[in-house]
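Colleague: Can you walk me through this model? I'd like to start with the overall picture and then go into single residues.

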Amino acid sequence: MTASPTGSEAVRPTALWGVSLASLGVFLVSWALCWVNAYVVNDELPNNCGDLRRQSFPPEVACASADGTLTGANAGWIEALFFASLVVFVLIASMVLALGSVRRK
């Protein structure tokens with residue numbers, strides 16, 4: 001038989017902390033991928049472009065051509081993953097902290 005959890009162990013939202021930390025990890029990895037794409041892969045892009053577009057959040061360096069196409073831009077799925085994981089992290093972390101403060105009272 002297993003012992004029943006004590007009072008302090010029963011109120012810990014470990015699954016929510018796990019989701020929160022996992023989404024933080026996904027956010028940091030996607031941020032790193034965007035940064036590498038902007039400043040390592042597209043390192044020579046500013047020297048060869050007439051209309052350079054920079055974005056800082058998420059990091060992006062892209063060259064806009066006359067027909068409207070962008071060269072060097074981040075993939076759409078990486079930016080979606082970047083923002084979605086940031087939103088999930090903020091929501092779950094705030095929920096866990098609020099839940100913890102309510103349970104302490």
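Colleague: How much of the chain counts as buried?

Modeller: Of its 105 residues, 26% count as buried. Keep in mind that this is a predicted model.

Colleague: What does the secondary structure come to, and in which order do the elements run?

Modeller: The chain has three helices and three strands. Starting at the N terminus, the order is α-α-β-β-β-α.

Colleague: And what share of the contacts join residues at least 24 apart?

Modeller: 52%, taken among contacts between residues at least 6 apart in sequence.

Colleague: What sits in the loop between strand 1 and strand 2?

Modeller: P58 is one of the residues there. The peptide bond that joins F57 and P58 is cis, with omega about -10°. Most peptide bonds are trans.

Colleague: Now helix 2. What does it span, end to end?

Modeller: Helix 2 covers residues 14-41, 28 residues, and reaches 38 Å from its first C-alpha to its last. That is close to the 40 Å expected at 1.5 Å a residue.

Colleague: Which of its residues are buried?

Modeller: S20, S23, F27, S30, C34, N37 and A38. The cover over the buried residues of helix 2 includes strand 2 (59-64) and helix 3 (76-104).

Colleague: Same for helix 3: what is its span?

Modeller: The end C-alpha atoms of helix 3 are 42 Å apart, and its 29 residues should span 42 Å at 1.5 Å a residue, so the two agree. Its buried residues are I78, E79, F82, S85, I92, A93 and V96. They pack against helix 2, strand 1 and strand 2.

Colleague: Take S85 from that list. Why does it count as buried?

Modeller: Because its relative accessible area is 5%, and buried means under 20%.

Colleague: What does S85 touch?

Modeller: Beyond residues up to four places away in sequence, S85 touches S23, V26, F27 and S30. Of these, S23, F27 and S30 are listed among the buried residues of helix 2. The side chain of S85 also reaches the backbone oxygen of F82, at 3.1 Å.

Colleague: How far is I92 from W17, in sequence and in space?

Modeller: They are 75 residues apart in sequence, and 7.8 Å apart C-alpha to C-alpha.

Colleague: Where is N42, and is it buried or exposed?

Modeller: N42 lies in the loop between helix 2 and strand 1. It is buried, at 13% relative accessible area.

Colleague: What does its side chain reach?

Modeller: Two backbone oxygens: that of N37 at 3.0 Å and that of G72 at 2.9 Å. Not counting residues up to four places away in sequence, N42 touches N37, V61 and G72.

Colleague: V61 came up there. What else does V61 touch?

Modeller: With residues up to four places away in sequence left out, the contacts of V61 include A38, Y39, L45, P46 and L52. R53, R54, T71, G72 and A73 are also on its list, along with N42.

Colleague: Last one. Which residues make up the largest nonpolar core?

Modeller: V61 is in it, with A38, L45, C49 and C63, five residues in all. Of those partners, A38 and L45 are among the residues V61 touches, and A38 is one of the buried residues of helix 2.

Note on methods. Residues are numbered from 1 along each chain as its sequence is written. This is a predicted model: local features need pLDDT of at least 70, side-chain atom pairs count only at pLDDT 80 or more; totals for chains, interfaces and linings use all residues. Side-chain values use heavy atoms; hydrogens and water are left out. A nonpolar core is a set of buried Ala, Val, Leu, Ile, Met, Phe, Trp, Tyr and Cys residues joined through side-chain atoms within 4.5 Å. Buried means under 20% relative accessible area, exposed over 50%, partly exposed in between (1.4 Å probe, protein chains only). Contact means heavy atoms within 4.5 Å. Helices (H or I, at least four residues) and strands (E, at least two) are DSSP runs, numbered from the N terminus. The expected span of a helix is 1.5 Å times one less than its number of residues. A polar contact is a pair of N or O atoms within 3.5 Å; within protein, one must be able to donate a hydrogen and the other to accept it, and residues adjacent in sequence count only if both atoms are side-chain atoms.
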